[in-house]
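I open the notebook on a new chain.

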Amino acid sequence: MTSHISEPLRSEISPVGTGFGVMLRSLRRAARLTLEELSEASGVSVRALGDLERGRSRGPQRRTVDALAAALRLDAEQSERLQRLADAGRERGGGPALPYLLRTVADFTGREQELADLEALAGGSRTRAVVLFGPGGQGKTTLAAEAVRRLAGTFPDGCVCVQLHGMSDSPLPPAEALVLLLTALGHPPDRIPVDPVAREAAYRAALAGRRALVVLDDAADESQTRPLLPDAEGSFVLVTSRRPLAGLEGVRRIRLGGLSGGESARLLERILGTPRTGGQPEAITRLTELCGHLPLALRIVGNRLSSRPSWTPARLVDQLADEERRLSRLVAGDLAVRSALALSYGQLTDAHRMLLRRLALLPGHDAGPDLAAVLADGDPLTTEDSLDLLVDRGMLEETTPRRYALHDLVRLFARERLRDEEADQDAVRVRAADWLLRSASAAGRLFEAPDTAPEPWSGEPAPFTPASVTEAEEWLTTERAHWAGALPVMSAAGRHREILHTARTLYWFSDRWDAWPEWRTLFSHGVRSAAALGDRAAEAHQLNCLAWTYSTRGGHYQEAEEHARRALELATEVGDIAQQAWASTYIAGACMSLDRPAEAAEAAENAVRLFATTGDEAGQAVSRRVLGSALREAGRAEEALAVHLALLGTRAGDVPGFQEFAEAILRHQIARDLLALERWPEAVQAFRAVMAPVTHGGTSRFRARALAGLATALEQCGELAEARTHFTEAHRLFVTAGDTTSAAGTATALARLEGDPAGTSPAAEHTHDDDLRTARRNDLA
């Protein structure tokens, strides 16, 4: 839901009957002109202008007003109003000027919840002030105008508004704002007290006994706003500001954020009309995304398209897709996203600007104080205070407690400032990447067997060091976009040993979240770094890890086999028996998935022999389980069951959490063996005993395969209702996991149970679970 951003001078909204001097000063401030600059532009002397603004001269001649209006670039309505003030001033005891209200827009869209909240608060008896706050470009002023329009009947004594120019270099002083407000409330201009305290008392007295709506637009801070809040009940103040004005007492706050996708699309449709947007939903959706659902950006896009009838939304999508030029193209006349952001940026301290700029270096969406402190070269506590201040100033969003993110357009702006204002950004980027990989390595070590974990990798600043496996897993999960994004930075810096150290320490942790796409990134960099260092043993290890990722994510079994065979070649060349064993294991898995079970069994038997040589218990557990699966795939289900049953109760090494993981997968393989042997009741009981490994994330596919196997066995036992229930849940899990092949298989089974002749025959269904050709990670772990 949204409003649009009103034009700067049109949003000069004081509906005030005010003296000529007060109005002139307000307009000059809105135009961001000094007295000297206005004098030069209008030809009116600085002294004369000073006398006019101070009220010493109330009724200038028409030619003087025309010169001032031209210099201030006023439209016809504003020029006429200024002329009326001059005319009134020339009359002794001149009457009040004609007021004007906040400018509403005909295509106002959305913000219904905020408007409902404002109506409820304005109609109550307790709340006397609301701060409507949010980043620049969210449409606070136009929303306030719409609220005034809707609330007009609630306030019989009228509405008075004043523009406080909070984002300008010279915000309107409270004493001057009080003159505007008092005059609007009917107080004679020549009887307004000179003393600020007395003026404030007169303002509150003027509101006493009235039910009026006061709008304070674009407030700078609490000190500017506090003197303008009423004491008396009945009147209601609506403040708009980019800051929450947290120091104000007794006020309610409503934060304006971005629009939803549907609201953004409706806004563009209202600006452009259905003929321009109809039939182009993809282009409109993409435009709203490129605008970051920011009302100002959407208004600019709508205005640009409406001013160019021959342009299609798709054409503007192509222009805005270039991040380097997007802000330059989000301009329409005097509306510009970059300008709105620059106002907020200009009011930050040097330290806060630096932090904002450097946050744009991060590859992930949001960050915590620790990582931000590395960028700022400061301590986390001080940095967290700075992050909170940036949230208050509307330059950051706090996505969850202690996680901070840049809006997409703010990120582009910060990137521009970084490029223009910092020559040493590469050093900052490498420092952050170094810290991220050292922290990832420190966390990953907790998931390694104690006797095989690599030595800690030290350095400055001190890395994040988790106190427990739970804390380590949380950090690696939360920061994975960042530590994965640090890999190309470290690679470009030639930091290959550090990359290999990270890949090695995250080796067993990768088992816990096998579907993450970051693993292919990590191990691909690991392969390149090992090659750059000339370390063939390390290259073989990384190739094996990469082969695993190709099997588990997307089922690229041919690529998995190629990487594993290259790993076997290198490991044989350097005499690394352990990596020869793992390569044989991954070759076996790939061959099974490529319907070459005899080759799979041969490779698995070789892996078992090699692991026995090294004494690697975890490797032996994996390779024997893979051997059993390969035997079943080759039609030797009795032998497969014997191999798997013999593994029950055996130790699977000292890797934290691996024993439970291996046990769960082994029981699943035993159930599949029984299914292949058509021992239906036993298969039902075996599948019921299968539990998803709680130590490992992303178990949806594992659970889905187990449920599909259970449903198949139940169907063969005639338990059709329960079979249908489990097939349905398995289908849902496969869809959620993005496994379309297996989802299609469960859909076929459900259709058959519903009597669809297109379904496969029941006689063939004992192989159903084996035909679910998903990523085989759980068979190889």
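I looked up contact range. Of the contacts between residues at least 6 apart in sequence, 70% join residues at least 24 apart. I note that this is a predicted model. I find 38 helices and ten strands in the secondary structure. Of the 781 residues, 55% are buried. The protein exposes about 31,800 Å², and carbon and sulfur atoms supply 50% of that area.

**Salt bridges**

I get 47 salt bridges in the structure. I went through a few.

Glu53 pairs with Arg25, with the closest N and O atoms 3.2 Å apart. This pair links distant parts of the chain: Glu53 belongs to helix H3 (residues 46-54) and Arg25 to helix H1 (residues 20-30), 28 residues apart. Glu53 counts as buried because its relative accessible area is 8%, and the cut-off for buried is under 20%.

Glu473 and Arg512 form a salt bridge at 3.5 Å, N to O. Glu473 sits in helix H23 (residues 469-478) and Arg512 in the loop between helix H25 (496-505) and helix H26 (518-533), so the bridge ties together parts 39 residues apart in sequence. Both Glu473 and Arg512 are buried.

Glu561 and Arg565 meet at 2.9 Å, N to O, in another salt bridge. They are four residues apart in helix H28 (residues 557-574), so about one helical turn separates them. An α-helix has 3.6 residues a turn, so residues three or four places apart point the same way. Glu561 is buried at 5% relative accessibility, whereas Arg565 is partly exposed at 38%.

I also logged a network of salt bridges that links Glu324, Arg357, Arg358, Arg417, Arg419, Asp420, Glu421 and Glu422.

**A buried charge without a partner**

Why does Glu539 have no salt bridge to Arg566, the nearest side chain of opposite charge? The distance is 4.7 Å, and a salt bridge needs the nitrogen within 4 Å of a carboxyl oxygen. I place Glu539 in helix H27 (residues 536-552). Leaving aside neighbours within four places in sequence, Glu539 contacts Val527, Ala530, Ala531 and Leu570.

Asp379, Asp385, Asp388, Asp392 and Glu398 form a negative surface patch. Helix H20 (residues 380-392) gives the largest share, three residues. Glu398 lies in strand S9 (residues 397-400) and is partly exposed, at 41% relative accessible area.

I then checked helix H19 (residues 369-376). Seven of its eight residues are buried: Pro369, Leu371, Ala372, Ala373, Val374, Leu375 and Ala376. What covers these buried residues? The cover includes helix H18 (350-359), strand S8 (366-367), H20, strand S10 (403-405), helix H22 (425-444) and helix H24 (480-492). Asp377 follows H19 and has a positive phi, near 55 degrees.

**Two glycines**

Gly258 is in the loop between strand S5 (252-255) and H11. Gly258 is partly exposed at 47% relative accessibility. Its C-alpha atom is 5.4 Å from that of Leu294, 36 residues away along the chain. Beyond neighbours within four places in sequence, Gly258 contacts Arg111, Gln138 and His293.

Gly262 is in helix H11 (residues 261-272). At 36% relative accessibility, Gly262 is partly exposed.

How values were computed: Residues are numbered from 1 along each chain as its sequence is written. This is a predicted model: local features need pLDDT of at least 70, side-chain atom pairs count only at pLDDT 80 or more; totals for chains, interfaces and linings use all residues. Side-chain values use heavy atoms; hydrogens and water are left out. Patches are made of residues with over 30% relative accessible area and no salt bridge: like charges are joined within 9 Å, nonpolar side chains (Val, Leu, Ile, Met, Phe, Trp, Tyr) within 5 Å. Accessible areas come from the Shrake-Rupley method with a 1.4 Å probe; for residues, only the protein chains shown count as cover. Lys and Arg count as positive and Asp and Glu as negative; His and the chain ends are not counted. The place of a charge is taken as NZ of Lys, CZ of Arg, CG of Asp or CD of Glu. Buried means under 20% relative accessible area, exposed over 50%, partly exposed in between (1.4 Å probe, protein chains only). Contact means heavy atoms within 4.5 Å.
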